Amino acid sequence: YDIPLLSRGQEVHLFRKMNYLKFLANQLRDQVEPCVARAPDLDAIERLQEEALAVKNQIIRANLRLVVSIAKRHVGPSNNFFELVSDGNMCLIRAVEKFDYARGNKFSTYASWWIMKNFARTIPEENDRRDRFVTGHEEMFEAAADTRIDEHEYESAQKRNQEAVKGMLGRLDDR
């Protein structure tokens with residue numbers, strides 16, 4: 001919520017800038033011959049790609065709260081909120097890559113469609129997957145304590161036991 005939402009004009013500007021930087025990088029890449037590539041040319045291509053990525057990240061950061069608001073509406077007892085947000089962020093990234101600002105739509109509308117379409121597909125799949133592997137003993141598994149110990153703890157416990165046994169054997173008489 002630290003980054004303000006983008007207006008339609010700001011969105012168009014950022015998408016134009018990102019597309020233009022990608023276009024320039026592709027033009028430079030097409031001009032470079034692999035056998036005689038010079039370091040300054042490759043640095044210029046890399047700089048343009050980094051600038052395009054920075055603009056893309058700016059668009060993504062400005063729309064992260066959209067993902068959170070949609071995830072809040074789809075969270076349920078069987079869905080983990082953070083998994084939904086993570087999945088929604090991946091959809092947001094794909095939406096930024098696929099969005100065509102020239103069609104006149106606002107990006108948030110397009111991204112919302114992508115995210116909700118993905119949730120409509122993945123949430124039932126995840127619920128089916130969970131239902132398929134129900135054992136009826138989930139409460140028992142969750143309540144059971146984790147009795148595993150790591151290897152170092154096991155070795156130190158073994159040494160302590162051996163020393164205790166040696167101490168006890170030392171107190172015994174020969175009989």
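**Figure 1. Helix H3 packs across helix H4 in this predicted model.** The axes of H3 and H4 cross at roughly 135° and come within 9 Å (axes are lines fitted to C-alpha atoms, for helices over the stretch in contact, and angles run from 0 to 180 degrees between N-to-C directions). That makes H3 oblique to H4; angles under 35 degrees count as roughly parallel, over 145 as roughly antiparallel, 65 to 115 as roughly perpendicular and the rest as oblique. The crossing is right-handed, meaning that the near helix is turned clockwise from the far one by less than a right angle. From H3, Leu-64, Val-67, Val-68, Ala-71, Lys-72 and His-74 meet Phe-81, Leu-84, Val-85, Gly-88, Asn-89 and Leu-92 of H4 (contact means heavy atoms within 4.5 Å). By class, eight residues in this contact are nonpolar, three polar and one charged; Ala, Val, Leu, Ile, Met, Phe, Trp, Tyr, Cys and Pro count as nonpolar, Asp, Glu, Lys and Arg as charged, and the others, Gly among them, as polar.

**Figure 2. Helix H3 has a buried side and exposed residues on the other.** Look along residues 64–74 for the buried Leu-66, Val-67, Ile-70 and Ala-71 (buried is under 20% relative accessible area, exposed over 50%, partly exposed in between, with a 1.4 Å probe and protein chains only). These four cover an arc of only 130° around the axis, so they lie on the same side of H3; the arc is that of the directions from the helix axis to the C-beta atoms. Lys-72 and Arg-73 are exposed on the other side of H3.

**Figure 3. Helix H2 also meets helix H4.** H2 (residues 39–62) and H4 (residues 81–98) pack at an angle of about 130°, their axes 10 Å apart. That makes H2 oblique to H4, and the crossing is right-handed. Lys-56, Ile-59 and Ile-60 of H2 meet Leu-92, Ile-93, Val-96 and Glu-97 of H4. This contact has five nonpolar, no polar and two charged residues.

**Figure 4. Asn-63 sits in the loop between H2 and H3.** Asn-63 is buried, with a relative accessible area of 6%. Leaving aside neighbours within four places in sequence, Asn-63 is in contact with Leu-92, Phe-107 and Ser-108.

**Notes for all views.** Helices (H or I, at least four residues) and strands (E, at least two) are DSSP runs, numbered from the N terminus. Residues are numbered from 1 along each chain as its sequence is written, and side-chain values use heavy atoms, without hydrogens and water. In this predicted model, local features need pLDDT of at least 70 and side-chain atom pairs count only at pLDDT 80 or more, while totals for chains, interfaces and linings use all residues.
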